[in-house]
Amino acid sequence: MNLVPLGDRVVLKQLVAEETTKSGIVLPGQSKEKPQQAEVIAVGPGGVVDGKEIKMEVKVGEQVIYSKYAGTDVKLDDEEFIIVKQSDILAVVE
């Protein structure tokens, strides 16, 4: 099964959080916060959304940083994805 986003939506797959800090401290599972960095898996067609023309600016395979409380969590075939609007994506990591 594939997720095909509609309109200005983007499907993201969250990147795995590191379990140790740069100084070598291991973080227990409870203290880890959900990372806000993800990989773009699928991009909607854009088009006219709420009377405004939306051009999609992200591409499949790019790593992005998205808003902390944005999106809808979806589980499909034992994989977890996040569907967000393009406006919830804050930056592309290069």
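Mentor: Let us begin with an idea we shall need for the sheet: two strands count as paired if DSSP finds at least two bridges between them. Please keep in mind throughout that this is a predicted model. With that in hand, S2 and S5 can be read as a pair, because 3 bridges join them, and the two strands run antiparallel.

Trainee: Which residue in S5 is the bridge partner of Ala 38?

Mentor: The bridge partner of Ala 38 there is Val 64. On another pairing, S1 and S2 are joined in the antiparallel sense over 5 bridges, and within these strands Leu 12 stands opposite Val 40, while Val 11 stands opposite Ala 42.

Trainee: In what order do the strands of the open sheet stand?

Mentor: An open sheet is formed by 6 strands in the order S6-S7-S1-S2-S5-S8, with antiparallel pairing. At its edges stand strand S6, residues 72-76, and strand S8, residues 89-93; each has a single partner strand, and therefore one side of each is left without a neighbour in the sheet. Neighbouring strands of this sheet are turned by 45° against each other on average, if direction is ignored.

Trainee: Which residues make up the largest nonpolar core?

Mentor: For a core, one looks for buried nonpolar residues whose side chains are joined, where buried means under 20% relative accessible area. The largest nonpolar core here has 12 residues, among them Val 10, Leu 12, Val 40, Met 56, Tyr 66 and Ile 89. At least two residues of this core are supplied by each of S1, strand S2 (37-43), strand S5 (63-66) and S7. Ala 38 and Val 64, which we met as bridge partners, both belong to the core as well. Of the 94 residues of the protein chain, 23% count as buried.

Trainee: How many salt bridges does a search of the whole structure find?

Mentor: The search finds 2 salt bridges. In one of them, the side chains of Glu 79 and Lys 13 meet at 3.0 Å, N to O. Glu 79 lies in strand S7 (residues 79-85) and Lys 13 in strand S1 (residues 9-14), so this pair ties together parts that are 66 residues apart in sequence. Glu 79 is partly exposed, with a relative accessible area of 36%, and Lys 13 is likewise partly exposed, at 28%.

Trainee: And in the salt bridge of Arg 9 with Asp 8, how far apart are the closest N and O atoms?

Mentor: The closest N and O atoms of Arg 9 and Asp 8 are 3.7 Å apart. Asp 8 is buried, with a relative accessible area of 7%, whereas Arg 9 is partly exposed, with 34%.

Notes
Residues are numbered from 1 along each chain as its sequence is written. This is a predicted model: local features need pLDDT of at least 70, side-chain atom pairs count only at pLDDT 80 or more; totals for chains, interfaces and linings use all residues. Side-chain values use heavy atoms; hydrogens and water are left out. A salt bridge is a side-chain nitrogen of Lys or Arg within 4 Å of a carboxyl oxygen of Asp or Glu. Buried means under 20% relative accessible area, exposed over 50%, partly exposed in between (1.4 Å probe, protein chains only). Helices (H or I, at least four residues) and strands (E, at least two) are DSSP runs, numbered from the N terminus. A nonpolar core is a set of buried Ala, Val, Leu, Ile, Met, Phe, Trp, Tyr and Cys residues joined through side-chain atoms within 4.5 Å. Axes are lines fitted to C-alpha atoms, for helices over the stretch in contact, and angles run from 0 to 180 degrees between N-to-C directions.
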